[in-house]
Amino acid sequence: MRWDNLSAPPEAGVPGGAAPAAPPLPLALPDATVRTFDTPEFAGMTFYEVRAKSIVNRVPGTSRVPFEWTVNPYRGCGHRCTYCFARNTHTYLDLDAGQDFDSKVVVKVNAGELLRRELAAPKWRGGHIAMGTNVDCYQRAEGRYRLMPEIIAALRDFANPFSILTKGTLLLRDLPLLRTAAEVTSVGIAYSIGFVDESLWRSVEAGTPGPRRRLAAVRTLTEAGFRVNVLMAPILPGLTDTDDAIEATVSAIAAAGAASITPIPLHLRPGAREWYARWLARGFPHLVPLYRELYRAGSYLPQAYQRELVARVRLAARRHGLHRFEPEAAPEPPPPARPEQLTLL
Ligand code: SF4
């Protein structure tokens, strides 16, 4: 993707734009049940309900993440973060990494029963299972499909350690269940709150609960006895990396009672890179040259920039009493799932 010659794609439903059409069934999902909901919350969304063959995925050994197993009940995410690193995984489903990722969500409707079966299998050794590492398991669709209560109940019943990373305040719905799980196993909860600027939030994370609501969720969970880690992610160059923005974000996170804070500067993999570049060119064209320079070598910011940014967040965290600042280096999210892991019935 080049950072120059950028222009917004034509909009559907407007003069000169493409006419809206009924979505075809993706080739990779021949047996999916297609569903739409006639409510404002799900306007423009299409759900592909599938019965997955397996639900516990092993993270490839080359990944640097601190967990080996994941469970992902959804693919695609209605939270619509422009920078989302999972976007490219949608192309494995014969869907695109932009609008389709935001609006066409695969729902593994049998996730809970499948997980219970896989946890009971003699070969399962009870390893830590991470959720929310690919797409958000508490995205809006979860309000309708309610897959997480079954999943958490299965993990609790097998006393299997797990963690959840989310931007969704819907997680609070399952707080009583999470508390019962925490009585028998290790339960980690992390929130992603990259910044507290509300106008930027509406533009770049349009489908998520706002940062203030996420901070309130951190407070509620902390008061319920959970140690909540906040991923200050992503930090956007030229937008949320100023001293003032860092100070405002870190102080809000500390005030919410977070146990630790992990800064993660923006990385832009293929799929996210193109989508984010269009957004940037529309709203912040003056920043395009900066991004062209910063990301000219690939998906990641230069090491020196990352180190300096992390050091500034560390100082702010100390000022606000967040002594448990971790980790030293921001963890890299897992690579996209391989196509063979997407085999669905
Ligand atoms: S909430 Fe997470 S998974 Fe969903 S779009 Fe945003 S970054 Fe991607």
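## Strands β9 and β10

Strand β9 (residues 187-192) and strand β10 (residues 228-235) run parallel, joined by 4 bridges. Ile189 has Val228 of β10 as its bridge partner. The model is predicted.

Strand β10 also holds Pro234. A cis peptide bond links Ala233 to Pro234, with omega at about -10°.

## The sheet

The open sheet has 7 strands. Their order is β3-β4-β7-β8-β9-β10-β11, and the pairing is mixed. Strands of a sheet pair through backbone hydrogen bonds, in either a parallel or an antiparallel way.

Which strands stand at the edges? They are β3 (56-58) and β11 (260-265). Each has a single partner strand, so one side of each lacks a neighbour in the sheet. From one strand to the next, the twist averages 25°.

## Helices on the sheet

Helix α5 (residues 175-182) packs on the sheet and touches β8 (162-166) and β9. The direction of α5 makes about 140° with that of β9.

Helix α11 (residues 303-319) packs on the sheet as well, touching β10 and β11. Here the angle between the directions of α11 and β11 is about 155°.

## The α2/α4 pair

Helix α2 (residues 111-120) packs with helix α4 (residues 148-157). The angle is about 15°, and the axes are 8 Å apart. Angles under 35 degrees count as roughly parallel, and α2 and α4 are therefore roughly parallel to each other. The crossing of α2 past α4 is right-handed.

From α2, the contact uses Ala111, Gly112, Glu113, Leu115, Arg116 and Leu119. From α4, it uses Glu150, Ile151, Ala153, Ala154, Leu155 and Asp157. By class, this contact has 7 nonpolar, 1 polar and 4 charged residues.

## Backbone at Arg146

Arg146 sits in the loop between α3 (141-145) and α4. Its phi is near 50°, a positive value in a residue other than glycine.

## The ligand shell

Which residues surround the ligand? They are Cys77, His79, Arg80, Cys81, Cys84, Asn134, Val135, Asp136 and Lys167. The shell has 4 nonpolar, 2 polar and 3 charged residues by class.

Key
Residues are numbered from 1 along each chain as its sequence is written. This is a predicted model: local features need pLDDT of at least 70, side-chain atom pairs count only at pLDDT 80 or more; totals for chains, interfaces and linings use all residues. Side-chain values use heavy atoms; hydrogens and water are left out. A residue is near a molecule or strand if one of its heavy atoms lies within 4 Å of it. Ala, Val, Leu, Ile, Met, Phe, Trp, Tyr, Cys and Pro count as nonpolar, Asp, Glu, Lys and Arg as charged, and the others, Gly among them, as polar. Axes are lines fitted to C-alpha atoms, for helices over the stretch in contact, and angles run from 0 to 180 degrees between N-to-C directions. Helices (H or I, at least four residues) and strands (E, at least two) are DSSP runs, numbered from the N terminus. Angles under 35 degrees count as roughly parallel, over 145 as roughly antiparallel, 65 to 115 as roughly perpendicular and the rest as oblique. A crossing is left-handed if the near helix is turned anticlockwise from the far one by less than a right angle, and right-handed if clockwise. Contact means heavy atoms within 4.5 Å. Two strands pair if DSSP finds at least two bridges between them.
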